[in-house]
Amino acid sequence: MNVLGIESSCDETGVALVTIDGGAVPALRAHALHSQVAMHQDYGGVVPELASRDHIRRVLPLARQVLHEAQATLADVDVVAFTRGPGLAGALLVGAGVACALAAALGKPTLGVHHLEGHLLSPFLSADAPEFPFVALLVSGGHTQLMRVEGVGDYELLGETIDDAAGEAFDKSAKLLGLGYPGGPALSRLAAFGNPEAFALPRPLLHSGNLDFSFAGLKTAVLTQHRKLEAAGNVCEQSRADLAASTQAAIVEVLVKKSLAALKATGLKRLVVSGGVGANSALREQLNTAAQRRGLRVHYPELALCTDNGAMIALAAAMRLQAGRAEAAHDYAFDVKPRWPLDQIG
Ligand code: ATP
Ligand code: MG
Ligand code: FE
């Protein structure tokens, strides 16, 4: 079965072709991505209307590119999958509309999937694919959640952020340091030259006794430290790197400790990390070290598939169909779900 996946929930247009046969591991035949980051940079964040318009421009050329690279044609597509939510309503409607129009023209069925399920399952496309059950640490631009995952579609929320997401904490702190948008990767690069112990920043909810997170206070602490540096005339390349490293250390420590606590609470031995922050090398290093010491396994998506992409959408659809958790529909009536909790998808 060949699944064409279309992602358009935010500021990345992604298209991919995934093949899944019987019980075999899913294969990514080709994927293509257009990031709108440069377009939104001047505004310091994503402008929804511009995002929708750009998805319209990009999606069909990307689909053509994917089929070409996979040496396939539209006739080879068995199911057209799209991101149904959560995300920006207008942006989601572009992907859903194009997917359903394309499927209708081909006489093939469609399947709308959950964006976060795409993130969550994306490590199944890596060389070191996980096995169920596992604890998932979902760390993206909009979400920070710990999930107990028994199988495809079987997700129990263990804890989540009560305010900002980890990615948001990276982005907002990066903005304070003048690093542009999205700042996660830039902050992480700057942090490589800094001392993570230079500034004492808060580790919110670290000892809360539950698996929830809170990152909103961190940006205020970063701002306070930055203002102190400014007042003392001490803003320089090294002090900025130190502040970046200290910020990253605070976020990473909380993510690592809560993930370990989730593994302990569930008795599971396997952690699957996904979402954009899963690309962070400090997080990967510290999780790997902690896991090795405790005899645990950690799985990640390929670096290129940590942030939004079409491959994870095609994959999630293929795995849902393979597991009998969903049926692709021929009616071409679609809706989108801008707000849609992952543990409510069934
Ligand atoms: P959601 O999936 O919750 O709707 P999103 O799709 O915007 O949100 P992703 O694409 O998964 O989120 O991830 C983007 C986020 O990941 C951004 O906040 C970005 O700063 C962060 N990020 C990406 N790479 C890194 C990195 N190396 N270190 C830290 N953060 C990173
Ligand atoms: Mg993005
Ligand atoms: Fe995402």
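**The largest nonpolar core**

A: The largest nonpolar core holds 105 residues, and V18, A81, A314, L315 and A317 have the most contacts inside it. A nonpolar core here is a set of buried Ala, Val, Leu, Ile, Met, Phe, Trp, Tyr and Cys residues joined through C-beta atoms within 7 Å. Helix α8, residues 237–266, gives the most to this core, with 12 residues. At least three residues of the core come from each of domain 1 (2–121 + 305–344) and domain 2 (132–300). These bounds come from an automatic or database domain assignment.

This is a predicted model: local features need pLDDT of at least 70, side-chain atom pairs count only at pLDDT 80 or more, and totals for chains, interfaces and linings use all residues. Residues are numbered from 1 along each chain as its sequence is written, while chains are lettered from A and ligands numbered from 1 in the order in which they are written.

Now take A81. Leaving out residues up to four places away in sequence, A81 touches V3, L4, G5, I6, A99, L111, V113, I313, A314 and A317. Touching, or contact, means that C-beta atoms, placed from the backbone, lie within 7 Å. In soluble globular proteins, nonpolar side chains tend to be buried together.

How much of the protein is buried? Of its 346 residues, 51% count as buried. Buried means 20 or more other C-beta atoms within 10 Å of a residue's own; exposed means 12 or fewer, and partly exposed lies in between.

Next, look at the annotated positions. UniProt, in an unreviewed entry, places the feature "binding site" at H115, H119 and D308. They are spread over 194 residues of sequence, yet cluster in space, with a largest C-alpha distance of 8.6 Å. Such annotations may be inferred rather than shown by experiment; their positions follow the numbering used here, and feature names are shortened.

H115 lies in helix α4. Helices (H or I, at least four residues) and strands (E, at least two) are DSSP runs, numbered from the N terminus. H115 counts as buried because it has 27 C-beta neighbours inside 10 Å. Apart from neighbours within four places in sequence, H115 contacts S9, T83, G85, P86 and G87.

D308 sits in the loop between β10 (297–299) and α10. D308 is buried too, with 26 other C-beta atoms within 10 Å.

Notes: Two residues are in contact if their C-beta atoms, placed from the backbone, lie within 7 Å.
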